[in-house]
Amino acid sequence: MKKRVLSVLLVSAMTASLFAGCGNDTAAPSDGTQTEESTAAVSSDDPNTLTVYAWDANFNIPALEAAEADYKANVNPDFNLEIIEQSQSSDVEDAITLAGSSGDYSNLPDIVLFQDHYFQQYVTNYPDAFIPVDDAEVDWSDFGAEKLSFSTINGTHYGFPVDNGTVIFAYRTDLLAEAGYTIDDMTGISWADFITVGKEVYAKTGKYLLSMDGSGNDLMYMMLQAEGVSQFKDGAPYVTENETLVEVMQILDEMVKENVLYLANDWGDYTNQTIVNDMVAGVMNGNWIIPTIESVPENSGKWEITSMPTLAGGEGYASNGGSSLYITGNCQKTDLAKDFLAKTFGGSKETYDAALKDGGVITCCISAGESEVYSQGVDYFNGQPIYAKIVEMGSHVKVVEQNDYHYDMRSQLSTALINARDGADLMEELKAAEDNIKFTMGL
């Protein structure tokens, strides 16, 4: 029998009931009728059942189903994982906010999938919402330090890493060849030399060598992380006096003006127009961008991946995006939850092999990335064993200071670059961005 995934409609109904002051674990549709899904509780009295909030039926949820099958087959045949599907990651954040604000965590599931960049903010605001997991049987050294930095607070582990956000730089090797370059020429390159190549690619092919969503630009964060530098310093914005950030922004400004970088109007323009409709010869982002690249069958075999450029030259490594699993303060079966997560996402090759095959989720666990499945060549990427390469690259990502205002900073720097493209002075725009962030942070 196929594993049942509970509908997001249930979650919406439960949230509405909370706002109405009800304490029930179930909710009914507005017409008063009951369905099998709408009567399922957010937690279970069964000693072998855990509940979890997650989103993305094509990505994270297959990974959870793989973990459940692994644990049932190899640890506890009576185990059951009830997956309560959310429409998007913000639904989980809203549920934690609602529970934390009321001081009542009883309507949370046992486990939640949570975005890495947001987690520390929520632990700060709602310290009782999550359970520490230091005593779980996990070799934490088998994960990249950068990935663990999101879920480790004051030396205490809270989360089990799931999807790998390691950045890839994918290139259309046929378009590079038209300009006289190969993937090897792009490996360990400096950003200055990258611009030189980009200008020649544009002149020969009419294609940009890079694109990004202009309104939600992650390039500066990724480029800075490859240098081991943050946008924050000691909890405060670090912009105009940050020589590395200023240099990165100047390089991006030059790229835009030299037709090396295309700033898309929005996310849809970035993915559908620039990548799917062949405006670019290169894509740099978290590896979760791979399905978008692969959505054009006629380009199979034309793409290959490598590491990022750096300011001085040499291979650069960064991470963008990703999530981890956390046990909530409402979990009454913490021993089971820790054991389940430790023996699956804590390092099981069986879990991660199936998660990759069924949902495209790439492990953050270094040893799990050494399996035969990960070592296989991928036809779309000209036979490269890209998944093993991504896991290996992820082990080199540098830890940089994170901040609850990460996305506010992204918005401000994105605006600064767009304004500079349109004729404004870049340094004045950076000063305005810094001032705006300080105001938002109350500094």
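## Aromatic cluster

Phe114, Phe119, Tyr122, Tyr126, Phe130, Tyr158 and Tyr326 make up one aromatic cluster in this predicted model. Rings of Phe, Tyr and Trp (its six-membered ring) count as a pair if their centres lie within 6.5 Å; planes under 30 degrees apart are stacked, over 60 edge-to-face, and the rest tilted. Across the whole structure, 24 aromatic pairs are found. One of them is the tilted pair of Tyr122 and Tyr126, with 6.2 Å centre to centre and 50° between the planes. Both Tyr122 and Tyr126 are buried (under 20% relative accessible area, 1.4 Å probe, protein chains only).

## Charge over a ring

Lys233 sits over the face of Tyr238, 5.1 Å from the ring centre. The criterion is NZ of Lys or CZ of Arg within 6 Å of the ring centre and within 35 degrees of the ring normal.

An open sheet is formed by three strands in the order 13-8-14, with antiparallel pairing. Strands (E, at least two residues) and helices (H or I, at least four) are DSSP runs numbered from the N terminus, and two strands pair if DSSP finds at least two bridges between them. Strand 13 (282-286) and strand 14 (303-306) are the edge strands, each pairing on one side only. Neighbouring strands are turned by 25° against each other on average, direction ignored.

Strand 8 (residues 167-172) pairs with strand 13 over five bridges, and Val167 stands opposite Gly286 in strand 13. Helix 15 (residues 386-394) packs on the sheet, touching strand 8 and strand 14 (contact: heavy atoms within 4.5 Å). The direction of helix 15 makes about 20° with that of strand 14; axes are lines fitted to C-alpha atoms, for helices over the stretch in contact, and angles run from 0 to 180 degrees between N-to-C directions.

## Basis

Residues are numbered from 1 along each chain as its sequence is written, and side-chain values use heavy atoms, leaving out hydrogens and water. Local features need pLDDT of at least 70 and side-chain atom pairs count only at pLDDT 80 or more, while totals for chains, interfaces and linings use all residues.

How values were computed: Buried < 20%, exposed > 50% of the residue type's maximum accessible area, 1.4 Å probe, protein only.
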